[in-house]
Amino acid sequence: MIANAIEEYVNTEFANLMAHDHTHSVFDYDSIADAIGEDERIVSRLMLETDGGSNGIILTSPKHKPPSY
């Protein structure tokens, strides 16, 4: 249930950002936990499995073009 709440929150927030032409966003575990009313440690443990980092995840829009080097 918590994983579903995380998924719904992150997907909804990122969709809203993309609608305003954002190409990427950082979601830190503490902010996600606050938004869904869960403990940050639980959110962190669940999100680390998504290959996030120690503090959160970065989502990138399919429209985003990385710089060419």
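Q: Where is the place of Ser 25?
A: Ser 25 sits in strand E1, residues 24-28. Helices (H or I, at least four residues) and strands (E, at least two) are DSSP runs, numbered from the N terminus. This is a predicted model, in which local features need pLDDT of at least 70 and side-chain atom pairs count only at pLDDT 80 or more, while totals for chains, interfaces and linings use all residues. Residues are numbered from 1 along each chain as its sequence is written, and side-chain values use heavy atoms, with hydrogens and water left out.

Q: Why is Ser 25 called buried?
A: Buried means under 20% relative accessible area, exposed over 50%, and partly exposed in between (1.4 Å probe, protein chains only). Ser 25 comes in at 14%, so it is buried.

Q: What is Ser 25 in contact with, leaving aside its neighbours within four places in sequence?
A: A contact means heavy atoms within 4.5 Å. With those neighbours left aside, Ser 25 is in contact with Phe 14, Leu 17, Ile 57, Ile 58 and Leu 59.

Q: What makes Phe 27 buried?
A: Phe 27 also has its place in strand E1. Its relative accessible area is 7%, so it goes down as buried. Not counting residues up to four places away in sequence, Phe 27 touches a list that includes Tyr 9, Val 10, Glu 13, Phe 14, Leu 17 and Ile 32.

Q: Which residues form the largest nonpolar core?
A: A nonpolar core is a set of buried Ala, Val, Leu, Ile, Met, Phe, Trp, Tyr and Cys residues joined through side-chain atoms within 4.5 Å. The largest one has 10 residues: Ile 6, Val 10, Phe 14, Phe 27, Tyr 29, Ile 32, Ala 33, Val 43, Met 47 and Ile 57. H1, H2 and helix H3 (40-48) are the elements that give two or more residues to this core. Core member Val 10 touches Phe 27, Ile 32, Ile 57 and Leu 59, not counting residues up to four places away in sequence.

Q: Why are H1 and H2 called roughly perpendicular?
A: Axes are lines fitted to C-alpha atoms, for helices over the stretch in contact, and angles run from 0 to 180 degrees between N-to-C directions. Angles under 35 degrees count as roughly parallel, over 145 as roughly antiparallel, 65 to 115 as roughly perpendicular and the rest as oblique. Helix H1 (residues 2-19) and helix H2 (residues 29-36) pack at about 105°, with axes 10 Å apart. That makes them roughly perpendicular to each other. On the H1 side the contact uses Ile 2, Ala 5, Ile 6, Tyr 9 and Val 10, and on the H2 side Ile 32, Ala 35 and Ile 36.

Q: How many nonpolar, polar and charged residues does the contact of H1 with H2 have?
A: Here Ala, Val, Leu, Ile, Met, Phe, Trp, Tyr, Cys and Pro count as nonpolar, Asp, Glu, Lys and Arg as charged, and the others, Gly among them, as polar. The tally is 8 nonpolar, no polar and no charged.

Q: How do you know that H1 and H3 are roughly perpendicular?
A: Their packing angle is about 80°, again with axes 10 Å apart, so the pair is roughly perpendicular. Ile 2, Ala 3 and Ile 6 of H1 meet Ile 42, Val 43, Leu 46 and Met 47 of H3. This contact divides into 7 nonpolar, no polar and no charged residues.

Q: Why does Ile 2 count as partly exposed?
A: Ile 2, in helix H1, has 24% relative accessibility, so it is partly exposed. Not counting residues up to four places away in sequence, Ile 2 touches Ile 36, Glu 38, Ile 42 and Leu 46.

Q: What makes Asp 39 and Arg 41 a salt bridge?
A: A salt bridge is a side-chain nitrogen of Lys or Arg within 4 Å of a carboxyl oxygen of Asp or Glu. For Asp 39 and Arg 41 the closest N and O atoms are 3.1 Å apart. The count by this rule is 1 salt bridge. Asp 39 is partly exposed at 31%, and Arg 41 is exposed at 52%.
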